[in-house]
Amino acid sequence: MYLIPVSAFADNYLWLLHDGKRALVVDPGDAEPVMQALQASRLQLESILVTHHHADHTGGVDALRKATGATVYGPATERIPSPFQPLREGDRVATLGLDFQVLDVPGHTAGHIAFYTPDMDGEPLLFCGDTLFSGGCGRLFEGTPAQMLASLDKLAALPGATRVCCAHEYTLDNLRFALAVEPDNAALAAYAQHCRQLREQGKPTLPTSIGQEVLINPFLRTRQANIMAAVHHFDASTHDDTTVFAALRQWKNQFK
């Protein structure tokens, strides 16, 4: 299998997975770069996986469906271009010989889902949309802090080897904030240097892994004593897991 981050807009990745003949694409906000990638490798698009309704994730769905006949799969409770197969937690998508499990991960949007397969070429694979980013998480546009915390806990519990395909190249900005929260984290400092080198070479920082993120991502580490202390310094009203997470997200929102 070949896993390719197709760049679009300023910082989106439209993930293309193919076996040399058949392909799937995740969150195609723009049809044109996807069509170019399909034509360049002579691929037939079989499936379109959509994690949530935002336009930069759905804008190319109609054009791709019409051009290729691909089947569209998306969250049951969100406004996805019809027709599509509505999905909820516990549903499965069989495509390219893979078995994707659907996970409900609300927070960024109310009905956001993720797609997880335990075995793609011997390792787990996750398409998480805008729920989890390397070093960060999505803004809470529709969901609550409690929902997002539960969603991130669900993803953090996946196997450490899980490759995490986030939908945006936000890594360096996220790590700048993470270092402000946890300046003494040696793993974080080393990862930030590695990611800076990748971007200087014009390479993506993604996919990341669950194992990497639990070491460096403050939004997966909100129960660590040093992060709780840093957040409490920002907002002295924090007193439990949810308020710590909410304050950390607010700190990130206004971080310069």
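At what angle do helix 1 (residues 31-40) and helix 3 (residues 61-68) pack, and how far apart are their axes? The model is predicted, so local features need pLDDT of at least 70 and side-chain atom pairs count only at pLDDT 80 or more, whereas totals for chains, interfaces and linings use all residues. Residues are numbered from 1 along each chain as its sequence is written, and side-chain values use heavy atoms, with hydrogens and water left out.

**View 1. Packing of helix 1 and helix 3.** The two helices pack at an angle of about 35°, with their axes 9 Å apart. Helices (H or I, at least four residues) and strands (E, at least two) are DSSP runs numbered from the N terminus; axes are lines fitted to C-alpha atoms, for helices over the stretch in contact, and angles run from 0 to 180 degrees between N-to-C directions. Ala-31, Val-34, Met-35 and Leu-38 of helix 1 contact (heavy atoms within 4.5 Å) Ala-63, Leu-64, Ala-67 and Thr-68 of helix 3. By class, this contact has seven nonpolar, one polar and no charged residues. Here Ala, Val, Leu, Ile, Met, Phe, Trp, Tyr, Cys and Pro count as nonpolar, Asp, Glu, Lys and Arg as charged, and the others, Gly among them, as polar.

**View 2. Packing of helix 4 (residues 145-156) and helix 9 (residues 241-254).** The axes lie 9 Å apart at an angle of about 95°, which makes helix 4 roughly perpendicular (65 to 115 degrees) to helix 9. Helix 4 contributes Pro-145, Ala-146, Met-148, Leu-149 and Leu-152 to the contact, and helix 9 contributes Asp-241, Thr-242, Phe-245 and Ala-246. These residues divide into seven nonpolar, one polar and one charged.

**View 3. Packing of helix 5 (residues 171-181) and helix 9.** The axes come within 11 Å and cross at roughly 125°. Asn-174, Phe-177, Ala-180 and Val-181 in helix 5 meet Leu-248, Trp-251 and Lys-252 in helix 9. The residues of this contact comprise five nonpolar, one polar and one charged.

View 4. Strand 13 (residues 163-166) and strand 14 run antiparallel and are joined by two bridges; Arg-163 has Ser-209 of strand 14 as its bridge partner.

How values were computed
Angles under 35 degrees count as roughly parallel, over 145 as roughly antiparallel, 65 to 115 as roughly perpendicular and the rest as oblique. Two strands pair if DSSP finds at least two bridges between them.
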